[in-house]
Amino acid sequence: MSMDLRIKIGNKILPNPVGVASGTFGYGGEYEKLIDLAKLGAIYTKAVTLEPREGNEIPRIVETPSGILNSIGLANVGVTRFLSEKLPALAKLPCAVVANVAGATEAEYMAVVERLESAAQLWGYEINVSCPNVKHGGMAFGTDPQQIERLTKKIRALTKRPLIVKCTPNVTDITVIAKAAEAGGADAVSCINTLVGMVIDTAAKRPVLPAGTGGLSGPAVRPVGVAMTYRVSRAVSIPVIGIGGIMTADDAIQYLLAGASAVQVGTGTFVDPSIPVKVLEGIVEYCKIEKIASIKELHSRFSQP
Amino acid sequence: MKQFSATIRGNYPLSTGFFELEFTWDKAAPLPEPGRFFTVRVSDNTIPLLRRPFAFSAFDGNEGTASMIFQKRGHGTGLLSAKHKGDTLDIIGPLGQPFPMPDKGKKALLVAGGIGLGPIAFLAQTLRKEKIPVSMVFGCRTASLIPSGDSLAASGTVICTDDGSRGFKGTAGDYLKSIERSVGSGTVVYACGPQPMLKTCHEFAGRRGCACFVSVEQIMACGVGACMGCAVKSAGGGYKRACTEGPVFNSRELQW
Ligand SMILES: Cc1cc2nc3c(=O)[nH]c(=O)nc-3n(C[C@H](O)[C@H](O)[C@H](O)COP(=O)(O)OP(=O)(O)OC[C@H]3O[C@@H](n4cnc5c(N)ncnc54)[C@H](O)[C@@H]3O)c2cc1C
Ligand SMILES: Cc1cc2nc3c(=O)[nH]c(=O)nc-3n(C[C@H](O)[C@H](O)[C@H](O)COP(=O)(O)O)c2cc1C
Ligand code: FES
């Protein structure tokens with residue numbers, strides 16, 4: 001019995017459930033010499049904004065126990081160069097190319113999506129309403145359910161493509177955010193983005209990152225991501241994409257059992273670029289041994305606490 | 001670039017806290033060049049998590065081995081210092097841009113500080129093979145920190161120690177000032193070491209009208225240009241990625 005790896009999101013199908021997370025995979029080409037990109041289910045691009053952004057002050061990364069704290073600040077080439085320089089190479093791949101969209105205002109998000117609609121090769125959108133690293137940025141949207149619902153509705157009106165809303169974990173109740181996205185017409189929600197954290201240099205008596213705080217990712221956040229995926233999966237009826245600290249197939253299977261229909265590998269790719277493909281192979285192996293034929297069946301095998 | 005599993009051929013202590021690690025270089029991977037670097041996953045555990053970047057200090061085509069000189073600084077380099085002959089290393093490389101060769105007829109002035117020795121020694125070796133005149137300066141705090149001091153001295157390297165315990169008393173930058181008049185536009189400066197030393201070299205080269213190439217250090221997450229984590233400030237405003245546009249830059253491209 002072979003497993004059906006396909007996942008339906010909105011009006012399209014992901015070839016398999018393992019994608020690479022936004023901001024950790026550039027625009028795809030950077031990792032081309034190291035892994036077979038054709039094996040990925042989806043590539044979620046670095047956030048795309050209307051204008052190019054230089055990003056935050058340096059240093060931008062500091063390591064923490066089993067994690068990293070980043071303050072990249074949506075550094076990206078902007079939508080014009082994304083379309084002319086980055087997308088053509090990406091579009092040749094058989095995997096889904098999902099543009100991660102960010103903005104400082106509702107109008108900016110909409111302008112980016114309008115521009116991206118012209119690119120036939122794009123599979124869909126992941127709306128980043130949850131970056132903790134931009135002041136007056138996505139986070140303001142990301143924590144207010146009314147704004148999320150309104151923004152999602154407005155973007156929904158612009159596109160028929162799969163629309164994924166990426167939720168921040170930096171709220172009291174992530175299910176409220178996910179439900180707002182669903183009410184606005186999202187086809188799926190992805191969770192989690194990074195958790196706000198701080199590392200202090202005790203010799204200098206100030207935070208290591210000039211921005212003060214940064215976003216925590218990596219294995220340290222995995223149990224938080226699994227718990228939030230579990231709760232969100234029960235709160236909405238659209239597919240959930242699980243993200244956070246995935247290093248092995250077992251980590252990914254935890255997300256799938258918790259209710260995720262697909263997963264994304266982020267920081268793990270930095271540590272070993274072969275992880276996303278190994279995760280996919282491990283999921284297939286597990287399902288073979290467990291005689292599981294689809295992700296839906298995997299969900300049904302989970303023993304609810 | 002290629003990811004492969006290398007076998008350690010030797011891990012030799014050079015001086016207090018400094019080691020030279022020699023490992024097999026995959027035949028299918030592009031050849032190491034001076035200034036380029038590689039990343040190592042130092043442990044299978046999640047602490048430390050990120051791969052660590054290191055510059056090549058040598059490449060032996062006949063043996064098929066590459067080397068690096070490293071200093072034990074924290075957890076990752078501590079684990080590396082405890083590795084033995086026969087252990088394997090998860091390597092990705094070569095990465096980044098190499099030191100460019102000097103234009104025809106020019107001399108090279110090489111300046112290394114501390115852990116900058118590896119790439120500068122590799123560059124010296126490569127330039128000498130090409131019969132390009134090389135003078136080299138190495139600076140560190142004190143005599144006990146000089147990696148393989150005798151072979152350095154034998155190669156004609158000027159050794160500088162902050163405390164004067166060996167060679168010239170003062171920093172490599174102080175030494176440059178002492179020879180300032182003898183250096184002109186026929187010289188290309190190459191430098192790798194601490195930021196203040198690089199700045200001194202950049203200013204020195206500016207005063208003497210010579211080109212200056214520096215290799216910079218920045219914390220890296222991906223090492224391949226994907227994360228924007230390794231940004232350094234560029235002269236024209238904005239940032240450049242140390243792992244992709246660098247780590248070697250014409251010093252005029254950077255903001256000092
Ligand atoms: C392109 C490049 C080439 C390098 N070449 C060499 C080399 O040839 N020999 C050598 O000994 N070292 C080299 N380094 C520095 C080396 O990567 C760090 O010393 C190492 O990562 C420290 O790891 P750790 O776990 O031991 O230290 P940690 O405990 O992580 O940190 C100890 C100290 O090292 C600094 N550090 C940590 N990671 C990096 C990093 N990626 N880059 C710079 N500083 C860092 C920290 O800020 C801290 O001050 C190079 C760095 C870069 C970016
Ligand atoms: C360096 C870095 C940059 C990131 N940039 C973005 C981004 O541009 N947009 C976004 O939605 N998420 C971004 N993220 C969040 C990741 O996509 C992911 O949600 C998070 O890192 C948790 O997954 P992980 O633990 O597997 O890395 C970034 C994460 C990192 C580490
Ligand atoms: S280390 Fe990721 S872009 Fe340079």
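View 1. Ser22(A), Lys166(A), Gly218(A), Gly245(A) and Thr267(A) come nearest of the 22 residues around ligand 2, where a residue counts as near if one of its heavy atoms lies within 4 Å of the molecule. This is a predicted model, in which local features need pLDDT of at least 70 and side-chain atom pairs count only at pLDDT 80 or more, while totals for chains, interfaces and linings use all residues. Residues are numbered from 1 along each chain as its sequence is written, chains are lettered from A and ligands numbered from 1 in the order in which they are written, and side-chain values use heavy atoms, with hydrogens and water left out. A polar side-chain atom of Lys166(A) is 2.7 Å from an oxygen atom of ligand 2. For Thr267(A), a polar side-chain atom lies 2.6 Å from an oxygen atom of ligand 2. Gly245(A) takes part through its backbone, with a polar atom 2.6 Å from an oxygen atom of the ligand.

**View 2. The interface of chain A and chain B.** Contact, meaning heavy atoms within 4.5 Å, joins 31 residues of chain A to 28 residues of chain B. About 2500 Å² is buried between the two chains, and carbon and sulfur atoms give 62% of this area. Buried area is the accessible area (1.4 Å probe) that two parts lose on being put together, summed over both. On the side of chain A, Leu34(A), Glu63(A) and Val271(A) lose the most area to chain B, together 23% of what that side buries.

View 3. Lys233(B) and Glu57(A) form a salt bridge, at 3.1 Å from N to O. In chain A, β5 (61-64), β6 (67-70) and α8 (267-271) each give two or more residues to the side that touches chain B. The largest share, three residues, comes from α8(A). Helices (H or I, at least four residues) and strands (E, at least two) are DSSP runs, numbered from the N terminus.

**View 4. The two domains of chain B.** Domain 1 (2-95) and domain 2 (107-217) make up the division of chain B, with bounds from an automatic or database domain assignment. Their centres, taken over C-alpha atoms, are 24 Å apart. Between the domains about 1300 Å² is buried, 67% of it given by carbon and sulfur atoms. Phe18(B), Pro34(B) and Ile69(B) lose the most area in domain 1, together 36% of what that side buries. The rule finds one salt bridge across this interface; Arg73(B) forms a salt bridge with Glu217(B), the closest N and O atoms being 3.5 Å apart.

**View 5. The surroundings of ligand 1 in chain B.** Around ligand 1 there are 19 residues, of which Arg52(B), Pro53(B), Ile69(B), Gly76(B) and Thr77(B) come nearest. A polar side-chain atom of Arg52(B) is 2.9 Å from an oxygen atom of the ligand. A backbone N or O atom of Gln71(B) also lies 2.9 Å from an oxygen atom of ligand 1.

Notes: A salt bridge is a side-chain nitrogen of Lys or Arg within 4 Å of a carboxyl oxygen of Asp or Glu. A polar contact is a pair of N or O atoms within 3.5 Å; within protein, one must be able to donate a hydrogen and the other to accept it, and residues adjacent in sequence count only if both atoms are side-chain atoms.
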